[in-house]
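Here is a walk through one structure, from a strand pairing to the spaces left between atoms. Please look at the sequence and the model first.

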Amino acid sequence: MTLQIDFERFKSNFNELAMIGKKADGGIYRMAFNADELVAREWLEDQLQQYGLKTRRDEALNIIGRYETEANKDLPAVVIGSHIDTVPNAGALDGALGVLVGLECLICLKEQGIETKYPLEVIAFSDEEGRFGGMFGSRAFAGQLNPRIIEESVDLNGVHLSEVLRSLGVDPFQALSASRPKKDIYSYLELHIEQGPVLDVENLSVGIVSDITGLFKWQVQLVGAANHAGTTPMDMRKDAFMGLADFAHEIPRIIDENGGEASRITIGNVALYPGSANTVPGQVDFSIDARDVSLEVMNELKDACRKALSAIARRRQLRFEFVETSMIYPVACDEAMQKHLVNNAKKLALNYKIMPSGAAHDAQMVAKIAPIAMIFVPSKNGVSHSPHEWTDWHHLHTGANLMLNTLIDIAQIP
Ligand SMILES: [Zn+2]
C-alpha cells in the first residue's frame, strides 16, 4: 500500500508561503529574521497549530512542529527539516519546499490517524542561507555552536546576530541550549531542490543523495611588484595577475590528477592591485572554493593547490600566502535510510538516481547527532537562488509522496 499527500492542500500552502516577502522584481527577500521572514515564521506556526501539531520555538528560534502520541512521546524523534529563510532575490523552492513537504507529511499522518512507533517533527532551521554566516539554527540544534560564533556573527550591513536575537526577546547565548542530545533524534530527512542540472537533463523525477560534499575556502595572496606598464620589460616583471592566470590554468589538471567526479574548484572573487590599466599588477587577492565528497580527496586537492601555487610563485618571483577561511567536512548519508528511499521509489515506480549533493544543507550539521538522508527534486535548467528557480508540480508531488512513504517506513508502524 502506498500513501498520497493531499496535493491541493500542499499547493495552496506552497503558494501562500511563496507570497511572503515577494517584491516587485518577482524575487523573494526573506533573509533571516527580517520583517518578511518573521511573517513567514508566524504563518508556519499558524499552520502547525491549525492542524493540531505541538508547536514551539527553541532557543535558536528554530520552529518545531511535533506529532506525538501517548505511546511514543518519550522515544527519539524522526525529524524532517529544512529552512524558510532565503537569499536576496530568491525563488520559492529552496528550503521552503522541504519544510512544506514535512508539514504536509505530518498533517497527512495525523489526519488519517496513523500512529508511528517514533514521534515525528518538522523543523524550520534559522538562517540556513547565511545572512549571519549560515546554518545558525541547525548548528545550534546539532551542538556545533559556540559563544564566539554567536558574538562574531554580523550581516553585510554590520548588524549583529546577537542584537537581532535580543530584539526578538531572546538571550543570544541561550542558543547554545537549543542543542539536542543524540538520544532525542532517531533520524533526519530533508527534501530539497537539486540546485544543479543533473536530474532535469536526465529527465528523472527524484535523486536519492549518497553524500553531501565537503568544502574548503582559501583566501590567497600573490605579491609581486607594481611597476610601469610601458617601461618594465616583459621578462623583468613580477606580475601578480600572471601568477593567478597560471594557477587558473592548472585547475583542470589538478582535478584530473588529484580529484574525482565530484571535485569542484572555483575562483569566484579576485581583487587586483593597484588596479590601474597602465600599471603591472603588484598584488592579487583571490578566493578558492574547492569541494569533494571524500575527505581524502579534499586533502589531496589542498596539497595539489599548495604545490601548484608555490611552483608558480617561485617561477614568477612572487610571494605566496593563503589562509583557510572555511572547512566543512563531507558527510555520507545513512545506508539503511537510502535503502528505504530506494525501496519506496521502486514501489512508487519513480525514475530515480543515486547522486551526491554539491551544495551544503542543514542535513550536514544534523549528521553530527543523527543518521541522515536526503531527497532531491529536479531544478529546471539547474537554476537556484533566483526567481527563475522552478520544479514542475508533478515532480513536487512525486517527491513529497516519496517522503511520506519513506517516513512511515523509518518511523515504523508498531
Ligand atoms: Zn536550501
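Start with E190, which stands opposite M374 in strand 16. The model is predicted: local features need pLDDT of at least 70, side-chain atom pairs count only at pLDDT 80 or more, and totals for chains, interfaces and linings use all residues. Residues are numbered from 1 along each chain as its sequence is written, and side-chain values use heavy atoms, leaving out hydrogens and water.

Strand 16 covers residues 372–377. Strands (E, at least two residues) and helices (H or I, at least four) are DSSP runs, numbered from the N terminus. Strand 5 (residues 185–193) pairs with strand 16 in the parallel sense, over six bridges. Two strands pair if DSSP finds at least two bridges between them. Strand 6 (residues 206–212) runs antiparallel to strand 16, and two bridges join them. Here G207 stands opposite F376.

Is strand 16 mostly covered or mostly open? Six of its six residues are buried, meaning under 20% relative accessible area with a 1.4 Å probe, protein chains only. In a regular strand the side chains alternate between the two faces of the sheet. In strand 16 both faces are covered, with I372, M374 and F376 on one side and A373, I375 and V377 on the other.

On a 1 Å grid over the protein atoms alone, a pocket is an open set of points with protein on both sides within 12 Å along at least five of seven lines; lining residues have an atom within 4 Å of a point. Grid points are joined across faces, edges and corners, and a volume is the space filled by probe spheres set on the points.

The largest pocket holds about 1,200 Å³ of space. It has 42 lining residues, and G133, G134, M135, R139 and I328 are the closest to its centre. Strand 13 supplies the largest share of this lining, four residues. Domain 1 (7–213 + 330–411) and domain 2 (214–328) each give at least three residues to the lining. These bounds come from an automatic or database domain assignment.

About 470 Å³ lies in the second largest pocket. Of its 20 lining residues, V198, R264, P356, S357 and G358 are the closest to the centre. Strand 15 (residues 352–357) gives the most to this lining, with four residues. Why does the second largest pocket lie between domain 1 and domain 2? It does so because both domains give residues to its lining.

Technical notes
Buried < 20%, exposed > 50% of the residue type's maximum accessible area, 1.4 Å probe, protein only. 1 Å grid on protein atoms, 1.4 Å probe; cavity = no way out; pocket = protein on both sides within 12 Å on 5 of 7 lines; lining within 4 Å.
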